[in-house]
Amino acid sequence: MDKEKETLLEESLKGYKEKITPVTKGTLTWERELIFLGRTQRGYEIEFDAHIQWGCAPTEALLLSLAGCMGIDVVSFLQKMKAELRSFKIEIIGERNPEPPQYYKKIEMILHISAKNVTEKQIARAVALSQEKYCSVYHSLRKDMEVKVDYILDLE
């Protein structure tokens, strides 16, 4: 990305994510067995189930939260770069420690992007901005965890 485009992108990002709520609240209510209902402060709900029959595992929600945060960032940045997105999907794979605590040791994300008017350099920049500065979920994870992000670009 040339210097002029980089400067325009940096200026367009001023104020991005500055309107966050500094304190986030939620509730988790036990429903039955090992099934819980989580509710955000805005009223959105997610079910957690230790046996993964009626809801997702909390660790699955963590992976999806990371992918969601990075996806929002990357799509937003690409739109600011005037990319014409046709589709965007993230595959996410997490490798956990086999012994308790079974934290994620390694996470790999593959971004599938179909777009016009975008370069691989712009995609790399969008991913770097998310990882280095803007993705709150990424920055809330363990510092010793390896996170790898690749992408597959389909230029239509």
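Here is a short chat about the predicted model shown above.

User: What does the secondary structure of the protein chain come to?
Analyst: This is a predicted model, to begin with. The protein chain has 4 helices and 6 strands. Starting at the N terminus, the elements go α-β-β-β-α-β-β-α-α-β.

User: And what box do the C-alpha atoms fill?
Analyst: Roughly 55 × 35 × 30 Å, taken along the principal axes. The chain exposes about 10300 Å², and 54% of that comes from carbon and sulfur atoms.

User: How much of the chain is buried?
Analyst: Buried residues are 34% of the 156 residues.

User: OK, which residues have the most contacts inside the largest nonpolar core?
Analyst: Those are Phe77, Leu78, Ile107, Met109 and Leu111, in a core of 32 residues. Helix H2 (58–80), E5, helix H3 (120–134) and strand E6 (146–155) each put in at least two residues. H2 gives the most, with 8 residues.

User: Staying with Phe77, what is it in contact with, leaving aside neighbours within four places in sequence?
Analyst: Phe77 contacts Leu9, Leu13, Tyr16, Ala126, Leu129, Ser130 and Tyr134.

User: What share of the chain's contacts with a separation of 6 or more is between residues 24 or more positions apart?
Analyst: That share is 56%.

User: Switching to sheets. What order do the strands of the open sheet have?
Analyst: The order is E1-E2-E3, so 3 strands, and the pairing is antiparallel. At the edges sit strand E1 (26–32) and strand E3 (45–49), each pairing on one side only. From one strand to the next, the twist averages 25°.

User: How many bridges do E2 and E3 pair over?
Analyst: Strand E2 (residues 35–40) and E3 pair over 5 bridges, in the antiparallel sense. Across that pair, Gly38 stands opposite Ile46 in E3.

User: What holds paired strands together in general?
Analyst: Strands of a sheet pair through backbone hydrogen bonds, parallel or antiparallel.

User: Last one, Asn97. Where does it lie?
Analyst: Asn97 is in the loop between strand E4 (84–96) and strand E5 (104–116).

User: Does Asn97 count as buried or exposed, and why?
Analyst: Asn97 counts as buried, because its relative accessibility is 16% and the cut-off for buried is under 20%.

User: What lies 3.2 Å from a polar atom of its side chain?
Analyst: The backbone oxygen of Pro101 does. Not counting residues up to four places away in sequence, Asn97 also touches Gln102, Tyr103 and Lys105.

Note on methods:
Residues numbered from 1 in each chain as written. Predicted model: local features only at pLDDT ≥ 70, side-chain atom pairs only at ≥ 80, totals over all residues. Heavy atoms only, no water. Buried < 20%, exposed > 50% of the residue type's maximum accessible area, 1.4 Å probe, protein only. Polar contact = N/O pair within 3.5 Å; in protein donor to acceptor, adjacent residues only side chain to side chain. Contact = heavy atoms within 4.5 Å. Pairing = 2+ DSSP bridges. Axes fitted to C-alpha atoms, helices over the stretch in contact; angles between N-to-C directions. Core = buried A, V, L, I, M, F, W, Y, C linked by side-chain atoms within 4.5 Å. Areas by Shrake-Rupley, 256 points an atom, 1.4 Å probe, with all protein chains shown as cover.
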